[in-house]
Every structure is written in structure tokens, then in C-alpha cells.
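Please open the model in your viewer and keep the selection panel at hand. The stops below say what to select next and what is there.

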Amino acid sequence: MGDKGDGTLVVHAGLPEPVPGEPFLPGPVFAAPYHLDPVNGPGENGYGRPDNPTRRALEAAIGELEGGQVRAFATGQAAITALLLSVLRSGDTVALPSDGYFTVRAFAEGTLRDLGVSTVLVPTAGPYPSFEGVRLVLLETPANPGLDVCDVRAVSAAAHAAGALVAVDNTTATPLGQRPLELGADLVVASGTKALTGHSDVLLGYVATGDEDLLTRVTTWRAQTGGTPGAFDCWLAHRSLATLDLRLARQTANAAAVAGLLSGRSDVTGVRWPGLSTDPAYEVAAVQMRRIPGIVSFDLGSAERVARFLEASELVFAATSFGGLHTTADRRAQWGDDTAPGFVRLSCGVEDTPDLVADLSAALDKS
């Protein structure tokens with residue numbers, strides 16, 4: 001696609017060459033077995049677990065966006081555990097974000113520990129320790145849910161100098177927000193459930209890399225453990241990619257307006273959005289990121305006020321995912337995040353900006 005813009009890229013990513021009479025995006029292929037050549041056996045497709053043309057088309061599309069080769073998984077958690085377990089061995093040490101997705105820390109403190117893998121927890125914003133003796137450094141930037149940002153290029157250089165691999169969880173940013181492989185990371189992992197697909201109807205994850213050895217490890221792991229997404233989910237995800245640029249543009253515009261509203265209220269504290277010039281992450285985000293995601297975090301002081309706020313809002317759905325068409329919010333402490341009782345993660349949808357700002361303002365007043 002050369003130097004085409006984001007909108008053009010996502011609309012055409014992963015599509016086959018035009019054939020008269022054929023659809024732009026072929027429908028999903030539902031198959032467990034395929035016909036084999038009686039003499040030579042399997043061709044491109046042998047069996048549905050490792051082989052599916054609908055899944056390959058989606059992987060090609062995401063690969064164009066991330067700038068690497070992709071393997072899709074049934075969920076984001078399946079993707080990140082596949083990455084960890086295909087790279088780490090007993091006796092290894094992995095550095096994980098102390099403020100990132102809490103389920104990854106729980107996995108490390110349980111399964112990885114039982115397998116003999118040690119964990120070092122590091123805040124996304126630093127300070128960072130020496131990476132000597134570390135096998136893998138996993139970054140999540142912007143971090144979920146606190147929205148701190150780290151300098152991927154600088155951390156990757158330090159990790160590589162110590163002999164460590166670097167993986168970046170790109171869920172919050174999406175590949176239109178940043179391309180970690182171009183910033184020096186060895187691997188990208190993400191949940192496609194969130195903003196990438198954006199319609200709140202798909203569970204999906206993926207791993208991307210430009211390293212053939214790492215790709216082989218991840219591919220083998222997936223084939224042997226079976227964590228593949230279904231054909232229809234892959235088709236839905238590929239269809240949804242086409243509007244990614246448009247969705248992110250509105251979500252970012254809404255987040256900018258919401259962050260401005262919240263920052264101006266004395267009854268709201270701890271407002272975080274990396275696009276605010278006053279945000280601690282702004283300086284790094286402004287250089288590293290191509291666009292800021294539509295997630296804003298803030299504190300309403302108590303669990304009770306969060307409940308009143310959500311009940312008073314007409315447009316904000318109480319839900320735990322983010323990146324969708326609808327504005328959603330949840331109180332993160334109820335899920336196990338190490339946050340204050342009144343801490344809220346709000347994911348801006350694609351509603352009209354004036355309507356969303358008016359609704360939030362009224363709900364905050366009522367709460």
C-alpha cells in the first residue's frame with residue numbers, strides 16, 4: 001500500500017485481488033477437514049486447527065497494520081499466554097508491568113511461578129531496573145488502566161543490550177496508534193476484542209513479530225495447544241477493521257473533550273489521558289504515538305459515587321471492556337486492579353461529542 005493513509009490502509013488490508021463476480025471480502029470458510037490429495041496429502045489446507053483461509057486473511061490484514069507476521073488466537077489472554085509460554089523456560093526471568101493488565105500478573109504469580117519462571121514487576125513509567133539476567137521484558141503502553149506510557153525505543157535498547165527480548169502489549173493503542181516493531185520491540189501482543197475490532201461482538205487476540213524463529217515458536221504453540229479463533233470471529237474482525245481509522249478518530253476527539261471536562265471539575269480527581277498537555281505521559285506519548293486512544297481514567301472518590309454516576313448517565317454503559325462503539329465505564333477495583341475504590345476507566349465511544357459531554361456533566365452533577 002506504499003505511503004497510503006490509515007483510512008485507505010484499513011479498508012484494503014488483507015483483501016484478495018479483485019476477481020469479477022467475487023465479493024470484496026470473501027465469507028468465512030467453515031471447515032474442520034479439507035479434501036486431501038490421495039497421493040500427496042495436504043496442500044495449503046490440511047486440517048482446520050492449523051489451517052483456515054479466513055484466519056489467514058485476517059492475519060495478513062493485521063500484519064499490514066503492525067508491520068510483521070501475525071498469528072491470531074481465540075482471545076487476547078490466549079495470545080499473551082502463548083507468547084509467554086513459547087518463549088520462557090524454567091529458570092528464566094520475565095519483567096512485567098506492575099500497573100498493566102492484572103490477569104497477566106496473576107498468570108505469572110501462578111502458572112509461570114509453578115513452572116520455575118521468576119517475575120520482576122516494573123512500573124510502566126519507570127524507573128527501570130537493570131535487565132541483566134532477564135529473558136523477556138513485557139511492556140504495556142499506554143498501561144491499562146492507569147494510562148502511563150513508556151519510551152518503547154529506549155527500553156528496547158536497554159533490554160537488548162542486556163540480552164533480553166522485548167514484547168509490547170499494543171491493545172490500548174492499536175497499530176494505528178503506535179507500531180512497536182518499528183520502535184525496536186521483538187514482538188507485539190494484543191487483544192483484538194477491544195478497539196481493533198470495536199463492535200463488542202468478538203473475542204480475539206494476536207501475536208505479531210518480524211522474527212522467523214519467534215514466529216515459528218508461537219505458531220507451533222498454537223497448533224499444539226489449539227487456541228485458534230473460529231472462522232466467523234475472524235471474518236467479523238476483518239470486516240470491522242475497515243472502520244478502525246474512523247472509529248479511533250471519533251473516540252480520540254471524544255476523549256479530548258471528556259478529559260477537558262473532567263479536568264475542570266473540582267469534584268473529580270486524578271484525571272489521566274496522555275493527550276492532555278498536563279498529563280505525566282504527554283511528553284513521551286506526543287513523540288511516540290501517532291494518535292491517543294479514547295480511554296480516560298479518573299477518581300470519583302468512592303464506590304458509591306461511581307455507582308450513582310453510572311446510574312445517572314443515559315449514554316455510558318457499565319461494562320468492563322473498552323474500545324467499542326458505545327461509551328463504557330467501570331470501577332476497576334471490583335476486578336482486582338490495585339486502584340482506589342472510586343477509580344473509573346471510561347472508554348469513549350463514537351457518540352456525538354456534545355451529547356457525550358452534556359451527558360457526563362449531568363451525570364456527575366447528579367452523583
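How many aromatic pairs does the count come to? By the rule that rings of Phe, Tyr and Trp (its six-membered ring) pair if their centres lie within 6.5 Å, the count comes to 4 aromatic pairs. Before selecting one of them, note that this is a predicted model, in which local features need pLDDT of at least 70 and side-chain atom pairs count only at pLDDT 80 or more, while totals for chains, interfaces and linings use all residues. Residues are numbered from 1 along each chain as its sequence is written, and side-chain values use heavy atoms, with hydrogens and water left out.

**Stop one: an aromatic pair**

Select F232 and W235, whose ring centres are 6.0 Å apart with planes at 15°, so the pair counts as stacked (planes under 30 degrees apart; over 60 is edge-to-face and the rest tilted). The two residues are 3 apart in helix α7 (residues 231-241), which means that about one helical turn separates them; helices (H or I, at least four residues) and strands (E, at least two) are DSSP runs, numbered from the N terminus. F232 is partly exposed at 42% relative accessible area, and W235 is partly exposed too, at 22%, where buried means under 20%, exposed over 50% and partly exposed in between (1.4 Å probe, protein chains only).

**Stop two: two cysteines**

Now select C234, which counts as buried at 1% relative accessibility, and then C348, which is buried with a relative accessible area of 1%. With a disulfide defined as a pair of cysteine sulfur atoms within 2.5 Å, the count comes to 0 disulfides.

**Stop three: helix α3**

Because 10 of its 12 residues are buried, α3 is largely enclosed by the rest of the structure; among the buried residues are G76, I80 and L84. At the N-terminal end, display T75, which caps α3 with a side-chain oxygen 3.4 Å from the backbone nitrogen of Q77.

Strands pair if DSSP finds at least two bridges between them, and β2 pairs in the parallel sense with β3 (residues 118-122) over 5 bridges. Centre on A95 to see its bridge partners, V120 in β3 and V137 in β4.

**Stop five: backbone geometry in the loops**

Most residues other than glycine have a negative phi, and most peptide bonds are trans. Select G126 and P127, joined by a cis peptide bond with omega near 5°, where P127 is in the loop between β3 and β4. Another cis bond joins N144 and P145, with omega about 15°. Finish with T174, a buried residue at 2% relative accessible area with a positive phi of about 65°, and with S200, which is exposed at 59% and has a positive phi near 60°.

Technical notes: A polar contact is a pair of N or O atoms within 3.5 Å; within protein, one must be able to donate a hydrogen and the other to accept it, and residues adjacent in sequence count only if both atoms are side-chain atoms.
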